[in-house]
Amino acid sequence: MEVEFMTADTALPPCMPLPRAMLRLPISSTAKVMYARMLDMIFLSGMEDANGILYIHFPIVELAAALARSTMTVKRSLNELEDTGLILRVRQSFGEPNKIYILIPGKEDNRI
């Protein structure tokens, strides 16, 4: 990996967004990285539902490959995010991937 020192003029490489509130949540690091990856994906290729709300399709196998984690780890992390109220999964008909809605922490949750 090639590296360089940062200066005031250094342009950052492509980055994924992670709300600061996520750092304090009692969830695994994998769940935090997964949230950042899904948030990044919704900005790049999110689809709108009938109400104009963005969602993504991210099958578990593809998510596992993107994060270099096992499918069981991905399932646990998805459950963590859902239990914490950071994502909402809407089941579709048989054979179709779930719709995943990415929920943003409230302004009161963003304090440092």
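**Helix packing, nonpolar core and an aromatic pair**

Tyr55 is buried, with a relative accessible area of 9%, where buried denotes under 20% relative accessible area, exposed over 50% and partly exposed the range in between, computed with a 1.4 Å probe on protein chains only. The model is predicted, and local features therefore need pLDDT of at least 70, side-chain atom pairs count only at pLDDT 80 or more, and totals for chains, interfaces and linings use all residues. Residues are numbered from 1 along each chain as its sequence is written, and side-chain values use heavy atoms, with hydrogens and water left out.

The ring centres of Tyr55 and Tyr101 are 5.7 Å apart and their planes stand at 50°, so the pair is tilted. Because Tyr55 lies in strand β2 (residues 54-55) and Tyr101 in strand β4, the pair ties together parts that are 46 residues apart in sequence; helices (H or I, at least four residues) and strands (E, at least two) are DSSP runs, numbered from the N terminus. Tyr101 is likewise buried, at a relative accessible area of 11%.

Two packed helices are described by the angle between their axes and the distance between the axes. Helix α2 (residues 29-45) packs with helix α3 (residues 60-67) at an angle of about 110°, their axes lying 11 Å apart, where axes are lines fitted to C-alpha atoms, for helices over the stretch in contact, and angles run from 0 to 180 degrees between N-to-C directions. This makes α2 roughly perpendicular to α3, given that angles under 35 degrees count as roughly parallel, over 145 as roughly antiparallel, 65 to 115 as roughly perpendicular and the rest as oblique. On the α2 side, Val33, Met34, Arg37 and Met38 meet Leu63, Ala66 and Leu67 of α3, contact meaning heavy atoms within 4.5 Å. The residues of this contact divide into six nonpolar, no polar and one charged, with Ala, Val, Leu, Ile, Met, Phe, Trp, Tyr, Cys and Pro counted as nonpolar, Asp, Glu, Lys and Arg as charged, and the others, Gly among them, as polar.

The axes of α2 and α4 come within 9 Å and cross at roughly 80°, which makes α2 roughly perpendicular to α4. Thr30, Ala31, Met34, Tyr35 and Met38 of α2 form this contact with Thr73, Val74, Ser77, Leu78, Glu80 and Leu81 of α4, and the residues involved comprise seven nonpolar, three polar and one charged.

The largest nonpolar core has 21 residues, and those with the most contacts inside it are Met34, Met38, Ile56, Leu63, Leu81 and Ile102; such a core is a set of buried Ala, Val, Leu, Ile, Met, Phe, Trp, Tyr and Cys residues joined through side-chain atoms within 4.5 Å. Two or more residues of this core come from each of α2, α3, α4 (71-84) and β4 (99-102), and α2 gives the most, with seven residues. Leaving aside residues up to four places away in sequence, Met34 touches Leu63, Leu67, Val74, Ser77, Leu78 and Leu81.

Asn98, found in the loop between β3 (87-90) and β4, is partly exposed, with a relative accessible area of 22%. Cys15, in the segment before α1 (21-24), counts as exposed at 51% relative accessibility.

Note on methods:
Phe/Tyr/Trp six-rings, centres within 6.5 Å; stacked < 30°, edge-to-face > 60°.
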